[in-house]
Amino acid sequence: VVATGHVLLWHVALAGFVDGAMMGMTSGASRAALRRLVRADQYASASSQMFARDMTVRVAGPPAGGALFSVSRSLPFFGDAVSYLASVVGVLAIRRPLGPEPTESEHESLRSSIAIGVRYVLGNAYMRFITWWAALMNLLATGMMLLVILLVRGQGGGPTTIGITQAIASVGGV
């Protein structure tokens, strides 16, 4: 759609929703998998390295995306697709079982597991608060970043400037 120049608001909303949903799943899965891949005494170091890598991508990604966008509107999306492909290759290269040991838990359906998790969150006042608060803050932070993009664009800033602005906003996470 970007390559044809016919991007509509619902395209952006759908892409944001899918990206957010996938990020939520992969983020949780990567943290769970990390426990299976490193020894217990290495977990703190490996976890901090993984977080630092994620934050480095958040800092370096927007300027790189802005520079690619300056070359071609569709180039950042192709670059992102290549990064996803590299992630898939990396995951497929893992040669250790990442699921639970057969003795760790009884087998329950995904639906049952989700229902248990939802009941837990709904039954715990702190978890209800954190769940809604995190969702609201993520929504507001994304809205603020879109506002900053519009302000930079309104002042004549191009894709590279917008990318650098987003990178500056992400530096605090590092």
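User: How many aromatic pairs does the count come to in this one?

Analyst: The count comes to one aromatic pair. Keep in mind that this is a predicted model.

User: What makes Phe129 and Trp133 a stacked pair?

Analyst: Their ring centres are 5.8 Å apart, and pairing asks for centres within 6.5 Å. The angle between the planes is 15°, and planes under 30 degrees apart count as stacked. So the pair is a stacked one.

User: Where do Phe129 and Trp133 sit relative to each other in helix α5?

Analyst: They're four residues apart in helix α5 (residues 125-154), so about one helical turn separates them.

User: Why is Phe129 called partly exposed?

Analyst: Its relative accessible area is 48%. Buried would need under 20% and exposed over 50%, so Phe129 falls in between. Trp133, at 42%, is partly exposed because that value lies in between as well.

User: And why does Leu139 count as exposed?

Analyst: Leu139, which lies in helix α5, has 60% relative accessibility. The cut-off for exposed is over 50%, so Leu139 passes.

User: Which residues make the nonpolar surface patch?

Analyst: Tyr126, Phe129, Ile130, Trp133, Leu136, Met137, Leu139 and Leu140 make a patch of about 800 Å².

User: How do you know that Arg35 lies over the face of Tyr43?

Analyst: Arg35 is at 4.0 Å from the ring centre, and the distance limit is within 6 Å.

User: What is the mean pLDDT of the chain?

Analyst: It's 85, with 94% of the residues reaching 70 or more.

Definitions and conventions:
Residues numbered from 1 in each chain as written. Predicted model: local features only at pLDDT ≥ 70, side-chain atom pairs only at ≥ 80, totals over all residues. Heavy atoms only, no water. Phe/Tyr/Trp six-rings, centres within 6.5 Å; stacked < 30°, edge-to-face > 60°. Helix = DSSP H or I, 4+ residues; strand = E, 2+ residues; numbered from the N terminus. Buried < 20%, exposed > 50% of the residue type's maximum accessible area, 1.4 Å probe, protein only. Lys NZ or Arg CZ within 6 Å of the ring centre and 35° of its normal. pLDDT = per-residue confidence, 0-100. Patch = residues over 30% accessible without salt bridge, like charges linked within 9 Å, V, L, I, M, F, W, Y side chains within 5 Å. Areas by Shrake-Rupley, 256 points an atom, 1.4 Å probe, with all protein chains shown as cover. Salt bridge = Lys/Arg side-chain N within 4 Å of Asp/Glu carboxyl O.
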